[in-house]
Amino acid sequence: MLDAEEISFYLSVFKGLDLKDIYDIVKIAHVKKLAAGDVYIEQGATHQKLGYIRKGLIRAYHLKENGDDLTLLLQWEGKFIASHDAIIHQRPSRFIYQALEDTVLMEVDYGKVEPMLNNNPRLSSTQATFLRSMLAESMDRVESFVLLSPEERYLQLVREKPNIVNRVPDKYLATLLGITPVSLSRIRKRISSQRKR
């Protein structure tokens with residue numbers, strides 16, 4: 001049985017649903033705990049995990065043949081995490097999803113929940129919202145590389161999640177922004193000197 005705090009949490013995540021819908025979701029959802037460093041989704045995985053991050057931070061990255069890695073995505077509290085490849089394209093994940101901190105997720109198997117979503121108009125609307133959100137995040141990332149300078153991308157990230165610079169190593173932030181750690185250091189110095197004026 002859910003307590004009032006949990007009901008309030010689920011209603012805030014799944015806007016527009018009623019209590020029966022929430023209970024239907026809770027029946028197929030479970031809590032997943034990851035320690036810092038644990039891999040949530042491996043490269044090549046085909047399972048359709050869908051998690052809502054209640055606490056923690058997950059990084060999606062690609063490991064290059066030379067051993068370097070490129071950060072594609074950072075997701076933190078209040079965000080969904082899933083392999084775009086597995087859910088949208090129905091193909092193996094090209095990326096590794098790893099917890100950077102101890103992380104707690106509410107998780108469902110998207111493949112198992114999809115029939116339920118298709119049979120309930122309110123849940124179907126929630127599904128459409130989630131899929132649009134995944135696509136919008138991808139589009140925003142592409143547009144930021146086309147329209148913004150690296151410094152503007154950095155400032156945008158810090159505006160969205162001010163404490164992210166204290167939670168993520170510089171090398172991961174740099175590859176997320178498409179720059180080197182040295183360039184990231186220069187951007188920070190430039191911003192700091194501008195604020196002192």
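At 12% relative accessibility, Tyr 52 counts as buried, where buried means under 20% relative accessible area, exposed means over 50%, and partly exposed lies in between (1.4 Å probe, protein chains only). The model is a predicted one, in which local features need pLDDT of at least 70 and side-chain atom pairs count only at pLDDT 80 or more, while totals for chains, interfaces and linings use all residues. Residues are numbered from 1 along each chain as its sequence is written, and side-chain values use heavy atoms, with hydrogens and water left out.

The structure holds one aromatic pair, and Tyr 52 forms it with Phe 80 in an edge-to-face arrangement, 5.1 Å centre to centre with 70° between the planes. Rings of Phe, Tyr and Trp (its six-membered ring) are paired here if their centres lie within 6.5 Å, with planes under 30 degrees apart counted as stacked, over 60 as edge-to-face and the rest as tilted. Because Tyr 52 lies in strand E3 (residues 49-55) and Phe 80 in strand E6 (residues 80-82), the pair ties together parts that are 28 residues apart in sequence; helices (H or I, at least four residues) and strands (E, at least two) are DSSP runs, numbered from the N terminus. Phe 80, at 26% relative accessibility, counts as partly exposed.

The charged end of Arg 59 sits over the ring of Tyr 61, 3.9 Å from its centre, and Arg 153 lies over the face of Phe 145, at 4.1 Å from the ring centre. A charge sits over a ring if NZ of Lys or CZ of Arg is within 6 Å of the ring centre and within 35 degrees of the ring normal.

Turning to charge pairs, the structure holds 10 salt bridges, each being a side-chain nitrogen of Lys or Arg within 4 Å of a carboxyl oxygen of Asp or Glu. Asp 85, which counts as buried at 1% relative accessibility, forms one with Arg 91, the closest N and O atoms being 3.1 Å apart, and also meets the side chain of Arg 94 in a salt bridge of 2.9 Å, N to O. Arg 91 counts as partly exposed at 34% relative accessibility, and Arg 94 likewise counts as partly exposed, at 41%. Gln 90 is found in the loop between helix H3 (84-89) and strand E7 (96-99), and has a positive phi of about 50° although it is not a glycine; at 58% relative accessibility, Gln 90 counts as exposed.

Another salt bridge joins Asp 170 and Arg 188, whose closest N and O atoms are 2.9 Å apart. Asp 170 lies in helix H8 and Arg 188 in helix H9, so the pair ties together parts that are 18 residues apart in sequence. Asp 170 is partly exposed, with a relative accessible area of 35%, and Arg 188 is partly exposed at 24%.

Which residues of helix H8 are buried? In helix H8 (residues 170-177), they are Tyr 172, Leu 173, Ala 174, Leu 176 and Leu 177. What covers these buried residues includes strand E4 (57-63), strand E5 (69-76), helix H5 (121-147), helix H6 (150-160), helix H7 (164-167) and helix H9 (181-196), with contact meaning heavy atoms within 4.5 Å. Just after H8, Gly 178 takes a positive phi of about 80°.
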